[in-house]
Amino acid sequence: MKRNIFISILLPSFNEAENIFAIYSELTKELSKKVSRYEILFIDDGSTDRTIDKIKELALKHSEVKYIALTRNFGKEAAMFAGLKHAKGEAVIIMDADLQHPVNVIHSLIEGYREGYDQVIAQRNRTGDAVIRSKFSSLYYTVLERLIDVELKDGQGDFRLLSRRAVQAVLQISERNRFSKGLFSWIGFKKKVIQYENKSRKAGKSKWSIRKLIDYAIEGVVSFNHKPLRICLYTGVVTLFLVLIYISIMFIQILAHGISVPGYFTTISSVLFLGGVQLVSLGVIGEYIGRIYVEAKQRPLYLIENKCWRGFHQC
Ligand code: UDP
Ligand code: MG
């Protein structure tokens with residue numbers, strides 16, 4: 001059944017040349033059956049392959065295809081933000097351009113929106129993922145759930161529908177270090193979760209290296225709470241307490257028995273232990289200061305090289 005709504009599809013794309021045509025044809029097939037009006041908005045995140053050429057080719061032929069090309073690779077978070085800012089639809093669906101997000105889920109997303117939900121989240125199982133990565137992911141989310149203040153669930157990523165209100169809310173958050181899974185959760189609104197089977201990538205490679213995943217994991221922890229700082233404080237207090245007890249015992253022993261041979265082991269181990277605690281604390285504090293530094297600079301999150309809007313700019 002065709003719904004009378006205007007949907008924007010956001011596709012952050014970084015080196016997805018082999019997938020552009022395929023995702024476009026799958027999307028149009030699905031959308032033309034489901035909604036009265038739609039736009040497909042590609043955000044080329046500084047690809048180094050022929051992604052942008054493919055997108056331009058589509059945009060020339062089809063008026064519902066629009067694109068934004070960023071000047072370099074700013075990362076998926078920035079690409080999504082650029083897309084959200086430019087999307088015109090009354091509801092926006094964010095998807096990956098690599099066909100890992102099955103196009104037929106769009107149907108349920110739109111139905112959820114029709115039922116009045118502001119966020120319809122597609123939650124995946126991890127069948128298409130490498131085993132090690134999915135194990136690490138579920139471990140990470142288990143730990144993260146205890147640590148942070150907003151709710152995050154394993155398998156609930158960026159694949160979701162946001163109503164215009166929800167998009168506006170996300171855009172109001174101006175922070176530079178964006179952990180969008182957290183932001184989507186933070187803005188609240190009525191949410192509905194839909195399950196889907198994850199698929200393997202059609203072509204190209206995942207852009208996530210181990211290094212990037214670790215960075216992302218740290219981002220998740222520190223961008224939403226001050227608990228790591230607090231853990232430092234607690235560790236410091238507990239350590240100090242133990243040290244004071246130890247010193248008192250030593251002092252009483254000295255009073256009772258006089259000075260015995262100072263223990264090399266205790267000295268060196270306490271020095272090392274305290275050094276370690278201090279270093280960890282400094283590291284965590286540094287993490288926050290780094291963030292303050294980046295926020296204070298107030299750089300734009302992305303820069304647009306060119307864009308293509310019918311009736312606004314020549315493509
Ligand atoms: N992506 C992007 N900028 C980047 C990295 C990725 O726009 O710096 C896009 C990518 O083209 C894809 C989506 O984000 O459409 C998800 O990336 P990927 O498939 O590498 O992640 P995974 O599915 O492995 O989590
Ligand atoms: Mg992918």
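This is a predicted model: local features need pLDDT of at least 70, side-chain atom pairs count only at pLDDT 80 or more; totals for chains, interfaces and linings use all residues.
In which loop is Leu 99 found? Select Leu 99 to begin: this residue is found in the loop between β4 (91–94) and α4 (105–114).

**First stop: two residues with positive phi**

With Leu 99 still selected, inspect its backbone torsion. Phi is near 65°, a positive value in a residue other than glycine. Leu 99 counts as buried because it has 20 C-beta neighbours inside 10 Å.

Next, select Phe 189. This residue belongs to the loop between α7 (180–187) and β7 (191–196). Phe 189 is not a glycine, yet its phi is positive, at about 75°. Is Phe 189 buried or partly exposed? It has 13 other C-beta atoms within 10 Å, so Phe 189 is partly exposed.

**Second stop: the ligand**

Select ligand 1 and display the residues around it. The surrounding shell holds 16 residues, and the closest are Pro 12, Phe 14, Asp 45, Ser 206 and Lys 207. Two elements, β1 (3–13) and α3 (76–86), each give two or more residues to this shell. Colour the shell by residue class: five of its residues are nonpolar, five are polar and six are charged.

How many of its 11 residues are buried? The answer is nine, and α3 is therefore described as mostly covered. The buried residues of α3 include Lys 76 and Glu 77, and among the others are Met 80, Phe 81 and Leu 84.

Now extend the selection to the largest nonpolar core. This core has 54 residues, of which Ile 9, Leu 10, Leu 11, Val 92 and Ile 93 touch the most other members. The element that gives the most to the core is α3, with six residues. In soluble globular proteins, nonpolar side chains tend to be buried together.

Centre the view on Ile 93. Leaving aside residues up to four places away in sequence, Ile 93 touches Ile 7, Ile 9, Leu 10, Ile 106, Leu 109 and Leu 161.

Gly 220 counts as buried because it has 20 C-beta neighbours inside 10 Å. Its contacts, not counting residues up to four places away in sequence, are Leu 144, Phe 179 and Gly 182.

Colour the chain by domain. The domain assignment gives domain 1 (6–205 + 301–308) and domain 2 (226–297). Taken over C-alpha atoms, the centres of domain 1 and domain 2 are separated by 45 Å. Where the domains meet, four residues of domain 1 are in contact with four residues of domain 2. On the side of domain 1 that touches domain 2, one residue is nonpolar, one is polar and two are charged.

**Last stop: the annotated spans**

Note on methods
Residues are numbered from 1 along each chain as its sequence is written. Chains are lettered from A and ligands numbered from 1 in the order in which they are written. A residue is near a molecule or strand if its C-beta atom, placed from the backbone, lies within 6 Å of it. Helices (H or I, at least four residues) and strands (E, at least two) are DSSP runs, numbered from the N terminus. Ala, Val, Leu, Ile, Met, Phe, Trp, Tyr, Cys and Pro count as nonpolar, Asp, Glu, Lys and Arg as charged, and the others, Gly among them, as polar. A residue is buried if 20 or more other C-beta atoms lie within 10 Å of its own, exposed if 12 or fewer, and partly exposed in between; C-beta atoms are placed from the backbone. Two residues are in contact if their C-beta atoms, placed from the backbone, lie within 7 Å. Domain bounds come from an automatic or database domain assignment. A nonpolar core is a set of buried Ala, Val, Leu, Ile, Met, Phe, Trp, Tyr and Cys residues joined through C-beta atoms within 7 Å.
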